[in-house]
Protein chains: 2
Amino acid sequence: MAQLVNIDGKIYPPEDAKIPIFDHGFLYGDNIYEAVRTHRGKLFLLDRHMERLQNSARMLHLSLPLSLDQIKDEIVRTVEAAGNPETYVRLIITRGVGRIGLDIDLSSKPSYIMIVVPLEPPPPSYYKDGVKIALVDIRRNDRLSLNPGMKTGNLLNNVLGYMETKKENAYEGIFCNIAGYVTEGTVSNVFIVKNGQLITPPPDAGLLLGVTRGLTLELAAEQKIPLKQRNFYPTEMLEADECFITSTTKAILPVREVSNRKFSPMPGPITKKLMDAYHHFAEED
Amino acid sequence: MAQLVNIDGKIYPPEDAKIPIFDHGFLYGDNIYEAVRTHRGKLFLLDRHMERLQNSARMLHLSLPLSLDQIKDEIVRTVEAAGNPETYVRLIITRGVGRIGLDIDLSSKPSYIMIVVPLEPPPPSYYKDGVKIALVDIRRNDRLSLNPGMKTGNLLNNVLGYMETKKENAYEGIFCNIAGYVTEGTVSNVFIVKNGQLITPPPDAGLLLGVTRGLTLELAAEQKIPLKQRNFYPTEMLEADECFITSTTKAILPVREVSNRKFSPMPGPITKKLMDAYHHFAEED
């Protein structure tokens with residue numbers, strides 16, 4: 001099992017992978033990223049990740065150092081060099097080196113970093129038994145301050161959310177926004193099911209448009225499961241029939257418990273249907 | 001004029017100063033910092049910066065890699081090695097190297113970085129003529145999401161604020177919070193004067209307790225200038241008699257113009273009194 005890091009085209013072992021202190025990607029957290037995975041050794045939904053990367057870049061006025069095709073080629077090259085059976089790739093684009101100051105024009109040359117490590121999906125039992133999640137007190141970054149729709153390296157909000165999650169002995173923490181509506185998890189999107197309808201918070205709640213969230217919505221439509229993107233408060237989550245979270249590494253993961261509310265059966269029937277559809281899709285893709 | 005970077009006790013020229021990709025200070029922006037300056041070659045209000053550093057660390061459950069006295073010694077050593085007439089020091093504490101994941105316990109050993117460069121204060125004419133500032137549309141990070149009272153490396157909110165500032169051809173941009181109250185600048189605190197009273201937003205507006213902000217409040221008290229920390233909307237700023245910003249590198253800098261409102265005389269009488277008091281204090285310290 002190998003870990004490799006590609007920095008601007010040169011591949012390093014992890015202990016030699018370093019970036020300049022003066023890269024604004026470090027000094028200001030001025031960087032964007034994507035997390036991609038393989039299924040059966042093949043990069044999964046790579047084009048969707050590339051599209052989102054481009055969107056984050058546009059929102060931050062960050063120009064990509066390579067074309068999307070070149071980025072994909074470099075990812076493939078690094079993944080092949082590592083040779084893991086299943087892979088996790090973290091692709092980071094930084095603003096680049098510049099002297100101290102908030103002005104993005106101080107940095108002239110963005111850099112790319114590809115971290116390739118063995119994929120560590122949740123153990124199979126989590127899909128059978130579900131996971132415990134926690135509602136955290138800290139609120140998700142507001143769209144008017146730092147839009148969670150951009151996937152950036154300013155992740156302290158998430159780090160603080162995870163501190164609370166861990167204190168609650170939970171697997172994942174779910175944020176509300178300033179208005180009190182449920183938004184998303186620290187590293188996932190969240191769905192509930194009530195009376196046969198699938199519900200997930202809408203983009204304007206302030207959340208990342210997760211690639212797996214998007215796929216889940218498509219699979220639900222194919223399966224003729226009624227679905228609605230709308231705001232809801234935590235209480236509605238506690239009164240739901242089913243609940244699950246989605247992410248690139250977790251796929252569709254059923255929730256067993258939130259704030260002493262226990263869901264059963266595990267997984268719920270709609271969740272199970274979507275998990276099966278995801279599995280089928282990933283095998284076919 | 002020399003630039004030097006001290007990383008965990010070893011001093012490098014800027015081009016050789018690098019940090020590991022796997023430092024969560026980079027991957028998650030999980031780092032805190034302080035910006036310190038010299039006056040007449042002497043580090044100015046260093047103890048206040050150390051106190052605030054400790055406060056940021058506590059809020060993020062980050063343990064400092066050295067005692068405060070050791071940190072001060074290392075700063076002095078690096079500043080002396082650089083030998084600049086006047087110096088700017090950026091002290092950064094990172095979470096340290098750890099594998100990918102939001103959990104702070106994945107990183108066991110925090111690192112420190114001291115960037116020492118020649119001080120670049122605003123030109124003298126700015127203190128005589130004042131500067132133009134802009135009210136930016138993007139809102140300051142909310143206290144419930146990422147408290148601006150912590151001085152962290154998650155600075156994209158400020159970077160985005162500065163983009164707007166530059167578009168307005170202004171020198172500094174001023175944020176409002178989600179509630180619409182004025183909070184602080186992208187790299188400064190803001191004060192207004194109305195009918196002889198000095199007014200600045202209170203901590204619970206969501207702002208950094210600037211060291212120069214604190215000193216200014218003390219100097220105002222000594223000068224028997226009536227002062228009040230309270231919330232105000234941008235309109236009140238436009239109707240003020242005087243306005244100024246404060247920061248470590250800018251000290252007390254008068255504002256000439258905001259959103260087509262022009263202040264005169266320049267600097268205003270209360271602003272001038274405080275600038276003189278600051279100058280006197282800095283010479284004596």
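**Entry 1**

Two strands count as paired if DSSP finds at least two bridges between them. Within this pairing, A:Pro20 stands opposite B:Lys18.

I record that this is a predicted model, in which local features need pLDDT of at least 70 and side-chain atom pairs count only at pLDDT 80 or more, while totals for chains, interfaces and linings use all residues. Residues are numbered from 1 along each chain as its sequence is written, and chains are lettered from A and ligands numbered from 1 in the order in which they are written.

**Entry 2: the interface**

I then asked how many residues each chain gives to the contact. Chain B gives 43 residues and chain A gives 43 residues, where contact means that the C-beta atoms of two residues, placed from the backbone, lie within 7 Å. On the side of chain B that touches chain A, strand 3 (18-20), strand 7 (111-118) and helix 5 (156-167) of chain B each supply at least two residues. Helix 5 of chain B gives the most, with seven residues.

By class, I found 25 nonpolar, 10 polar and eight charged residues on that side of chain B. Ala, Val, Leu, Ile, Met, Phe, Trp, Tyr, Cys and Pro count as nonpolar, Asp, Glu, Lys and Arg as charged, and the others, Gly among them, as polar.

**Entry 3: how the copies are related**

I looked up the superposition and found that chain B can be laid on chain A with an RMSD of 0.0 Å by a turn of 180° and a shift of 0.0 Å along the axis. The two copies are therefore related as by a two-fold rotation axis. The superposition is by least squares on the C-alpha atoms of residues with pLDDT of at least 70 in both copies. Of the interface residues of chain B, 100% are also interface residues in chain A, so the copies meet through the same surface.

**Entry 4: the sheet of chain B**

Chain B has an open sheet of six strands in the order 2-1-7-6-4-5, with antiparallel pairing. Strand 2 (10-12) and strand 5 (42-43) of chain B stand at the edges with a single partner strand each, so one side of each has no neighbour in the sheet.

I followed the pairings along this sheet. Strand 1 (residues 4-7) of chain B pairs with strand 2 of chain B over three bridges, and B:Asn6 has B:Ile11 as its bridge partner. Strand 1 of chain B also pairs with strand 7 of chain B, over four bridges, with B:Leu4 opposite B:Val116. Strand 6 and strand 7 of chain B are joined by eight bridges, and B:Ile92 is the bridge partner of B:Ile113.

Helix 2 (residues 46-59) of chain B lies across strand 4 (31-39), strand 5 and strand 6 (87-94) of chain B, and runs at about 175° to strand 4. Axes are lines fitted to C-alpha atoms, for helices over the stretch in contact, and angles run from 0 to 180 degrees between N-to-C directions.

**Entry 5: helix 6 and helix 8 of chain A**

Which residues join these two helices? The axes of helix 6 (residues 211-222) and helix 8 (residues 269-284) of chain A come within 10 Å and cross at roughly 105°. That makes the two helices of chain A roughly perpendicular, a term for angles of 65 to 115 degrees; those under 35 count as roughly parallel, those over 145 as roughly antiparallel and the rest as oblique. Helix 6 of chain A contributes A:Thr216, A:Leu219, A:Ala220 and A:Glu222, and helix 8 of chain A contributes A:Leu274, A:Ala277, A:Tyr278 and A:Phe281. These residues divide into six nonpolar, one polar and one charged.

**Entry 6: A:Ile225**

I located A:Ile225 in the loop between helix 6 and strand 13 (227-229) of chain A. Leaving aside neighbours within four places in sequence, A:Ile225 is in contact with A:Leu198, A:Ala220 and A:Ile270. A:Ile225 and A:Leu274 are 49 residues apart in sequence and 9.3 Å apart in space, C-alpha to C-alpha.
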